[in-house]
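Here are some notes for a colleague who is new to this entry. They are meant to be read with the structure open.

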Number of protein chains: 6
Amino acid sequence: MDFFVGDTVFEKGMHVRRSVLGEEHVNKANAKINEFNGDFQNFISHYAWGEIWTRPGLSKHNRSLITIAMLIALNRGAELKMHIKAAFNNGVSKDEIKEVIMQSALYCGLPAANEAIQTAEEVFRELGKN
Amino acid sequence: MDFFVGDTVFEKGMHVRRSVLGEEHVNKANAKINEFNGDFQNFISHYAWGEIWTRPGLSKHNRSLITIAMLIALNRGAELKMHIKAAFNNGVSKDEIKEVIMQSALYCGLPAANEAIQTAEEVFRELGKN
Amino acid sequence: MDFFVGDTVFEKGMHVRRSVLGEEHVNKANAKINEFNGDFQNFISHYAWGEIWTRPGLSKHNRSLITIAMLIALNRGAELKMHIKAAFNNGVSKDEIKEVIMQSALYCGLPAANEAIQTAEEVFRELGKN
Amino acid sequence: MDFFVGDTVFEKGMHVRRSVLGEEHVNKANAKINEFNGDFQNFISHYAWGEIWTRPGLSKHNRSLITIAMLIALNRGAELKMHIKAAFNNGVSKDEIKEVIMQSALYCGLPAANEAIQTAEEVFRELGKN
Amino acid sequence: MDFFVGDTVFEKGMHVRRSVLGEEHVNKANAKINEFNGDFQNFISHYAWGEIWTRPGLSKHNRSLITIAMLIALNRGAELKMHIKAAFNNGVSKDEIKEVIMQSALYCGLPAANEAIQTAEEVFRELGKN
Amino acid sequence: MDFFVGDTVFEKGMHVRRSVLGEEHVNKANAKINEFNGDFQNFISHYAWGEIWTRPGLSKHNRSLITIAMLIALNRGAELKMHIKAAFNNGVSKDEIKEVIMQSALYCGLPAANEAIQTAEEVFRELGKN
């Protein structure tokens, strides 16, 4: 997948990815790139970050809210943790995260909401926001 | 579940439910209430609509966006259709619905997004918004 | 999969399957057996019905309750319909079905419970139990 | 969400919650209540424990069985562990838990059942019931 | 998303998409392109078909098998139907489809496999392959 | 479930299970057999390994590919890890595993694929294949 080299969508994607997930996260991910995972890393920089997260139709703030909502529903705890962290970079408040979880209690069920509460509290502790 | 009678939370809930889902939808649901489904209908009016949808921490507009996001992820087509319709009553635009679906392509997968596109287009046709 | 011929587990399985799903349902399924689906039909008669549904550790009544609970959670509407029908053959009451659905509202979320309410009401109409 | 204070549904809910999950569990949960999770804790005491677990139409024993069934299907391991523990407080036997898991092998698939077996064995070790 | 215009990946994608899903299917999809769904249609032509389905590391035959396997697990019936049809264009046989479904009975559960059997039989009837 | 003793399906099943999962894995599982999990262990030796994995219609190589595909979709990480390991015993290459994951990014979503990448890399490290 070397078609990405010098490519604007990739550059835009890496820029958004760094601003949303944070420099440190992306640097760590880059340091782990190898022959096995490299194509996937390039793919998401284009496909997710370059194409979709850059679209003007929805603010990054609201993209964070709906991404958190989807990850709670999908039962993907590790990715949820990453996107709760990222949400702060997009201006989402602790209170808004709480409301997404309260709403998820209704639609995704209580176990989903309960796990999300705990994941969010882990993030707050790691970020010193508890 | 007659504890709801004369209950302020229930009254608030019915009010919000009517404003979000529309008079017609709620009247239809009420006309179908019977011994089997009545407790469930009261339960959601009180808890979903009275307790959660009325919370001030997130706008109804944003509650619509995250509800749509969760329903795409959960693969619940009939409820998704209802909440895409309802979203218009909460000031969500067609473009925002499109962006939620584009974002869902990344996190929920392409089949989920593809079904959501078709569900949304059905709603637009029914509402004369296509 | 002709290892089933003359096989006691298979015979027991067909017996339980007929008593739970009803003669008519099983006869219809048998009439549709062909080269493509035959192995699957034999497989479930032997293993699902012959091995598991015949186990003494849980009554058929309670196996019906937990099967309905799992099918609501799994979002498998057609199979749910079949097992709500079957539950009556295992002595489950309408009220118990209602309670499984109320409980599912908590754990599986409201859209799951709402669909189950509607599926159950369809069954009641078909069986003249509404 | 201070509407709960002095409220019968809340009192009933806390009573059932303590009898099902155990004093120790509920005391621990209460000790962790903070501004972020407090509304959720209050919500489930009402919504889940006060309204649904107290309903007379299904025994607590059978509510435990169907809750376990749903949690296996939903792939929610931590909540499953909690409800396998709780099931003993509702008079469920090890053999019944085994049968719910055997039945789940059919409907939820072998990986779901396999994880449930391991979760149950963890609980048995913790409770000295292995 | 006009970055696709004159884009080689997009061209390759459309070519593969036509060869896998069939001219008729793609022409129908193209005829329905509008302002709402156009970006999504372009997105999948570029990324799904242009980037992934064209990768040399796995034959189109095997990509069909794993796609069918994933769609059974994901409970996405409409997309499953489309990919069972498409599988014939990739040289998959009825017998292989049967084996994927038998295998899915183990991992995804019997209701998933049962629905897949019925979806496959619908496809066979539509293609005159029953 | 002692109906299995001296039974050909069981013998065939144990043989395939050992060749696919490895002697060590099966010996460990056998050493943990007890009154609680024994029926389940016997059940899968018959149902999964004896009946399905032995069927001639699909190579073990391709059964590994579709099993991995289903486990990614089903979000069952522990079982996925076991089947990525097993895949090497069935002649699957690292490159093919990578391609299944790339394909899953499209259909199951990026979080599913991302977790699968990490699970696969864990396996490679454990097997000295990184």
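1. In this predicted model, two salt bridges cross the interface of chain E and chain B. Arg76(E) forms a salt bridge with Glu115(B), and their closest N and O atoms are 3.5 Å apart. Eight residue pairs, both residues at pLDDT 80 or more, are in polar contact across the interface of chain E and chain B.

2. On the side of chain E that touches chain B, the elements giving two or more residues are helix H3 (38–52), helix H4 (60–74) and helix H5 (77–89) of chain E. H3(E) gives the most to that side, with five residues.

3. The contact joins 16 residues of chain E to 20 residues of chain B. About 1,500 Å² is buried between chain E and chain B, and carbon and sulfur atoms give 64% of this area. Within chain E, the residues that lose the most area to chain B are Phe36(E), Phe40(E) and Arg76(E), together 55% of what that side buries.

4. The largest nonpolar core has 289 residues, among which Ile97(A), Ile97(C), Ile97(D) and Ile97(F) touch the most other members. Leaving aside residues up to four places away in sequence, Ile97(C) touches Phe36(B), as well as Ile68(C), Ile84(C), Phe88(C), Val92(C), Ala120(C) and Phe124(C).

5. How many disulfides does a search of the whole structure find? Over all chains, the search finds zero. For Cys108(E), the closest cysteine sulfur is in Cys108(F), 10 Å away, which is too far for a bond. Cys108(E) counts as buried, at 7% relative accessibility. Cys108(F) is also buried, with a relative accessible area of 7%.

Key
Residues numbered from 1 in each chain as written. Chains lettered and ligands numbered in written order. Predicted model: local features only at pLDDT ≥ 70, side-chain atom pairs only at ≥ 80, totals over all residues. Heavy atoms only, no water. Disulfide = S-S within 2.5 Å. Buried < 20%, exposed > 50% of the residue type's maximum accessible area, 1.4 Å probe, protein only. Core = buried A, V, L, I, M, F, W, Y, C linked by side-chain atoms within 4.5 Å. Contact = heavy atoms within 4.5 Å. Buried area = accessible area lost by both parts, 1.4 Å probe. Salt bridge = Lys/Arg side-chain N within 4 Å of Asp/Glu carboxyl O. Polar contact = N/O pair within 3.5 Å; in protein donor to acceptor, adjacent residues only side chain to side chain. Helix = DSSP H or I, 4+ residues; strand = E, 2+ residues; numbered from the N terminus.
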